[in-house]
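These are my notebook entries on a structure that I had not examined before. I set down what I looked up, topic by topic.

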Amino acid sequence: MSNELSPTGVEVDASVREISEDLGIDYRSFFINLGKATVSGLVGFSTGNPGAFATSISNLLNSFSAFKDRPDIYEKVGDDPSKLAWLLIHQSLIAAVTDLVGDHDARFRAAYQDAEELPTEEEIGKHLEESMDLNLAEAEVRITPSFFDRPTEPHLLESLQRDLAAWFEAVGVPEGEATSISTRLPSYFRTALIDEWREHSEYQRLEEAVQVPFAHAQRRAQAWEAYRAHLQKQVDEPVFGEAVSLRQIYIWPRTFVQIPKEDSEADQPPLSHTNTAGEGDLRGEPEAERRVSWLRKSVLEWLKGEDESDAIRIIKGDPGTGKSSFAKMLAAELAQQNEHAVLFAPLSRLDATKQLTEAIQQFVSAPDHPLNGIDPFDETPLLLILDGLDELSKRGRVGADVARDFVDAINRALRGLNQGSVAVRVLLSGRRIAADAGAKILRDPTKVFNLIPFVPEGDSDRYEDPDFLAFDEDEEPIDHRDDWWQKYGEASGSDYDEGMPSRLRRDRLGEITRQPLLNYLVALAYEDDDTDFSEDASLNTLYDQLLDGVYRRDYDFGPHPGTKVVSGTTEEMQKEGFVRVLEEIALDAWHGDGRTTTLASIEKRCKREGLIGYFENVQNKLATGISQLLAAFYFRKTGQTPQGEATFEFTHKTFAEYLTGRRIVRTVMEIHDERQRNEERGGRYGLDLEGSLRTWIGACGPSAMDEDLFQFFNDELRIRHKENNCASDWKETFSDLIRYVLHHDMPMHKVDATLDYKTEKLWARNAEEALLAVAQACRHAQLAETEDSAQKAGLYAINVLEEVPQGTAMDWIRRLQVPVSEHSDALYSELLSPVDWSDTNLSKSFLYKTQFALADLQEIKLKDANLHLSIFYKSDLQEANLQGANVSFALFYKTDLRGADLRGANLRDAFLEDADLRETDLRGTDLRGLTLPETRYRRLIPFEIEMPELNLQEVNLQDAQWGQTQVSGIKIDKKTLMDDNLRDYILSQNPDMMEDVNPLEPEPSILMSPPGS
């Protein structure tokens, strides 16, 4: 064997076999023993030893780690650079294989569990002897500087990847999946190579032989090199414990930015007749075109800009649209290009109370972060990718408010950092409400990238799409699901050459699969033979099926004996306990920041709920590392609190929301059952009304329910009602609780003596809102079983306002309200429709964007109320008093307004299709743009509204669109403002007025011109 030092690196003339023999390494024996150890570990796992698999693999891999078990290895290496270089490679390979196997151990266990015939150690050994190439031992290696930059270029790893695939197949992994897993070795190897170099100073002897790119650099350069490798590896790791990685299945998304029309802002009506400070922020979104582009291309073009004032962009999308996936893929690509320093940070792990630079420095100071000890702001140009604006909420503050303040703080920080050049840029991502709040700071809608799902929403005429990215030339939406399924099939070894299975396009499943995350979860469930996709599929049923699959695979209630269950329980009870623990974890996270919690807090909650045995079982699985699938799918350990407590976070916020929704429904059920016991036993057992409210406050007081959580809660309750017909009984129980609160307030004095007054008010408000959420969900469940034709105003409404003191209803609304700036983030305005509001006084109330669908509002007093953008679908407003109310842009579709008093009301751009306006008094109202020809409620067909005996005296009818409206018998006078065309139209339907044309014609000074004149 000889080697030659050259400017290009170490020339190794001897084979790896010769070097390995000198160092005492036998690769053939290694792989054969690895296969045997796998079987031994899996057998031990299946017979009740949860740590057997991890222990077997770890012991074997450690035995081939020369630094750990061969302290004399440097004496053998000596000054021979080729041996030292190969030792570096060997150590890195072992670390990479260890990491790769560890990340996929759940898949190996699942494959082993599903195998019809279980292989023995001897069979595994024989299979590997016959199938493995072991060309690694015959390879010749030339280590050049480029090797450390691109260690995957030599053929060094190709043989090892084939051998790994053969090993995976030997333990039962299908061929396609085995190949898919093994192809990710290079990414793992590069990370391990850099880490190995940084950790051991002995390799510095190589610097004279090879100009290693990161060898002579300062510590900062080495740290950034390690971090770039980490970002690459991040997208090659398994997704939810499966065989596929994000890189293998990723489809780069499309986006649109909104281009406002030049006159759109001027066309917006005022929020009220006399706007108060701050209310202008609550106007509806101005009309805008959606300019379509590739998101990746748009971000890269932004990074090339030199405008110091354009240093922030926001990615906006609903849950599961791929915001985090794009952030990770973009970070990996930019890390590979190495033109920008890029730092990816989940905002759930950042302290939003600190300055930007301080928060980022604290984030990278975590012990396991590659940039620990490095100031990221020393590297320019720097891109900060901050994921999860909606996860910044802090106790006592609403997420939108926190997001806006955070973006404002970033904006101010960047002005200081970008003096003379764009040194730092920030790319943020978040859900709709948080992203919209942050966007207000930027004051430019073109700086917000709106994610387009796999199937674009809406009509093509809403988009400016010259490149046909979202819609084809026939104006049909371009569906990316087939592309994704083909990639998924290739990565997983499944047959999806034709794209998405046709049975998944139907009904609600077709809607679910539009979003990338949910589409992937459907794919996981579709691969499970036990999954039943019904026509009534929903997110909750999908998540329930996935939860069941995770449980069956992770707890191994399959063909293998010996699985341990908690003492004194059945397998069904064990599963129930498992789910209960996950629900408690989710509830605890919701009470915190929505996603993260601590082990100590979970344990305390589980003790209180009598779940400590199940908790310890789950904890044991996490501690042994065997519950890889559970951890990968639902939550992962993220570090420690400043007090040293272990922290966990959910892998995706929707998982936490689903489990929280389940937990709240469970609380509803438990309170109802305890109330029944209390009434049946004369108050001696169960919970009285006050005790029930204390339980409710404990569950729903610390955090406010938002729209996303309510959807999961609402769907879960609907499922329970479908199974047990419980909605009517539950609604009555919670109506009693609401009545108690309206008469006596929330019993906060008996909840927690340590709470201050402000926190007590907040908890009481959140709990009251959640009571309404129960009433709304129960009503939804009942309405879902009622034919549309039978649905009418007041159906299944709760009557809780009888015999309450005057002003109670108004006070109730005020208690539920939040500051105007946070209103769009509050849920209460969507929960008022199940209440019977008839003959209630809500005059001057702020009820912006309130849902009153199918509500009983007869004789309600809404004088001077602000109802801008509110919805009165099929509501009963007979004899209602709406004098001076702002109902601009409100929807009155099929609303009964007979006899309503709308004098002086602002009805501008209201939607009145099929509304009943008989005997309605509209004197002095503003009806301009009544049919909304250019707004979100636009309709292509003319109205056919009957308006007999309509009083239009003193009404402003400028630009009102009447179509085929019947207006016979209406009353007008000189103060009725209209154009010539409308006046002629009215007179044509009222011939008796012809002789009075002159008196009725408006004075020239106030006559309005026809549109477009």
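**Nonpolar cores.** I began with the largest nonpolar core of this predicted model. I found 114 residues in that core. The residues with the most contacts inside it are Leu384, Leu386, Leu389, Leu428, Leu521 and Tyr543.

I then looked up the contacts of Leu386, setting aside its neighbours within four places in sequence. Leu386 touches Ala345, Leu347, Leu350, Leu356, Ile360, Phe406, Ile410, Val426, Leu427, Leu428 and Ser429. I also noted another core, which lies apart from the largest one and has 83 residues. Trp590, Met748, Tyr828 and Ala900 are among the members of this other core.

**The sheet.** I next traced the strand order of an open sheet of eight strands. I read the order as β7-β8-β9-β6-β10-β4-β5-β11, and the pairing is mixed. At the edges I found β7 (341-346) and β11 (463-464), each of which pairs on one side only.

I checked the partners of β5 in turn. Strand β4 (residues 254-260) pairs with β5 (residues 288-294) in the antiparallel sense, over seven bridges. Within this pairing, Phe256 has Val292 of β5 as its bridge partner, and Ile259 has Glu289 of β5. Between β5 and β11 I recorded two bridges, and these two strands run parallel. Here the bridge partner of Arg290 is Tyr463 in β11.

**Helices on the sheet.** I asked which strands helix α16 (residues 295-303) lies across. They are β4, β5, β6 (312-316), β8 (382-387), β9 (424-430) and β10 (448-452). Helix α16 runs at about 90° to β5. Helix α18 (residues 356-364) also packs on the sheet, where it touches β7 and β8. I noted about 85° between the direction of α18 and that of β7.

**A helix pair.** I turned to helix α25 (residues 571-591) and helix α30 (residues 689-700), whose axes are 9 Å apart. They pack at an angle of about 75°, and α25 and α30 are therefore roughly perpendicular to each other. On the α25 side the contact is made by Leu587, Trp590 and His591, and on the α30 side by Gly698, Ala699 and Cys700. I sorted the residues of this contact into four nonpolar, two polar and no charged.

**Helix α34.** Lastly I asked which residues of α34 (residues 808-816) are buried. I listed Thr808, Ala809, Met810, Trp812, Ile813 and Leu816. The buried residues of α34 pack against α32 (727-744) and α33 (757-783).

Note on methods
Residues are numbered from 1 along each chain as its sequence is written. This is a predicted model: local features need pLDDT of at least 70, side-chain atom pairs count only at pLDDT 80 or more; totals for chains, interfaces and linings use all residues. Side-chain values use heavy atoms; hydrogens and water are left out. Axes are lines fitted to C-alpha atoms, for helices over the stretch in contact, and angles run from 0 to 180 degrees between N-to-C directions. Helices (H or I, at least four residues) and strands (E, at least two) are DSSP runs, numbered from the N terminus. Angles under 35 degrees count as roughly parallel, over 145 as roughly antiparallel, 65 to 115 as roughly perpendicular and the rest as oblique. Contact means heavy atoms within 4.5 Å. Ala, Val, Leu, Ile, Met, Phe, Trp, Tyr, Cys and Pro count as nonpolar, Asp, Glu, Lys and Arg as charged, and the others, Gly among them, as polar. Two strands pair if DSSP finds at least two bridges between them. A nonpolar core is a set of buried Ala, Val, Leu, Ile, Met, Phe, Trp, Tyr and Cys residues joined through side-chain atoms within 4.5 Å. Buried means under 20% relative accessible area, exposed over 50%, partly exposed in between (1.4 Å probe, protein chains only).
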